[in-house]
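Trainee: I have a structure open and would like to talk through how parts of it pack. Could we take it one question at a time?

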Amino acid sequence: MQITVTTLSDQIFTLDVSDDLELENFKALCEFEIGIPAREIGITWNGKPIQDDKRSLSSYGIKHGDMLLLQHNRGSQGLQQSMPRQGGFDIDFGSVPIPGTSQQSVARNQPPDPEDPAYIRELLLKNPHELSLLRERNPELAEALINGTFEKFKDVLQRQTRERKEKEMERIQLMNADPFSAEAQKMIAEEIRMKNVESNMETSIEYSPESFGQVVMLYIDCVVNGHHVKAFVDSGAQMTIMSEACAERCNIMRLVDRRWGGIAKGVGTQQIIGRVHLGQIQIGKDYLQSSFSILKDQPMDMLLGLDMLKRHQCCIDLKRNLLVIGTTGTETRFLDETDLPGHARLNVGPMSPKAAEEEDKLLAEAIHKSQTEHQGTAGASSNTNTNSSSNTPPSFPEQVIKPLMDLGFPREAVIHELTLANGNSQQAMGALFAKSLKVPDGPK
């Protein structure tokens, strides 16, 4: 049935409800329409208040086309006293102080302070949607809210509030001083740009809200050397990689060729321990050959890169949510979010600034360690191959030596190959790569 609702401020709206809808659920619908909490809503029908929230609308005699009066009752006192009387009087005694009541009980009925950190903290913790937005748009405050104490949250909130107020005050002072100055015009241009951005975002929310959701990454179940592994399918990665922990778990660290060590550069930078030249990945009933680059500090167990995907002509079928192995026709389903590893799930919060700083520090240490180890290994190899009769190496320009050293080769090896190539940097570079990839002799 269709019910028309009006308020004392002449707001009118219509709701389509069922006959057996309970009064408390009807108030919840009204709360969604006008924003007044359901507990503060009073409903009057034909001059009589209806108060039993558990009764249905039809039990009161309300039928299709009737009009109900909605009133905003503030506080527990006002809830009873602001209801219209039988005789038609509508007097609100909620604001009249009652003799004998303490100031504490009166303060309880006061609306909360929107700038109170305790109220804001409680409001965010009770609202998952607002908490998710906070994680995305203000990671620092979200970190203080979730993992910090109340005092830490209060300090961060007050500091950010103070910075916003200071920025707004600077803007006002700048505009009042000279609105045609270069700084003022730059600020106006930025405000116009941000308004366009906000308008663009609102349009996107209205017409393509799905673009604001997060998607689950593509993982599949596979088996490496008898051990189950959840592999990440990434067509944007050049090579197939595996973490050191996963390689140890799968017992293939004994096959790692450490001469292929180095640095993997992409979104981040990580140390490459070496490479397993040939291994088998079981996907479904198929056994597929692939090579693995072993990374030292890698959160995911294994990543299937473009080398493996192209070798076996794999097809990522997003319509059916399948990975199709082109060479065998085998199909395997991508994992749901509940089956993903913990670090790959969507409910993982953003990295705090401190954690990001720690990660950058660890990556820098890993790069330095990798370069040191690589220089030591290559230096020992070059010392073995260096002609002992030439104790004094010839001199070459630094602009010739440095580009070769930037490729990861030690200075001694670069100078030695330049000497053999009579200063030809291209020949020296080819020799350095050839020796670094030289296959060792078999056991004698």
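Predicted model: local features only at pLDDT ≥ 70, side-chain atom pairs only at ≥ 80, totals over all residues.

Trainee: How far apart are the end C-alpha atoms of helix H7, and what span should its 28 residues have?

Mentor: Helix H7 runs over residues 150-177. At 1.5 Å a residue, its 28 residues should span 40 Å. The end C-alpha atoms agree with that, being apart by 40 Å.

Trainee: Is H6 roughly parallel or roughly antiparallel to H7?

Mentor: Look at the axes of H6 and H7, which come within 8 Å and cross at roughly 155°. Angles over 145 degrees count as roughly antiparallel. So H6 is, relative to H7, roughly antiparallel.

Trainee: How do the residues of the contact of H6 with H7 divide into nonpolar, polar and charged?

Mentor: From H6 come Glu140, Leu141, Ala144 and Leu145, and they meet Lys152, Phe153, Val156, Leu157, Arg159 and Gln160 in H7. The residues of this contact divide into 6 nonpolar, 1 polar and 3 charged.

Trainee: Is serine 290 buried or exposed?

Mentor: Serine 290 lies in strand S11 (residues 286-295). Setting aside neighbours within four places in sequence, serine 290 is in contact with residues including Thr240, His277, Met308 and Arg311. Its relative accessible area is 1%, and under 20% counts as buried. Serine 290 is therefore buried.

Notes: Residues numbered from 1 in each chain as written. Heavy atoms only, no water. Helix = DSSP H or I, 4+ residues; strand = E, 2+ residues; numbered from the N terminus. Expected span 1.5 Å × (residues − 1). Axes fitted to C-alpha atoms, helices over the stretch in contact; angles between N-to-C directions. Parallel < 35°, antiparallel > 145°, perpendicular 65-115°, else oblique. Contact = heavy atoms within 4.5 Å. Nonpolar A, V, L, I, M, F, W, Y, C, P; charged D, E, K, R; others polar. Buried < 20%, exposed > 50% of the residue type's maximum accessible area, 1.4 Å probe, protein only.
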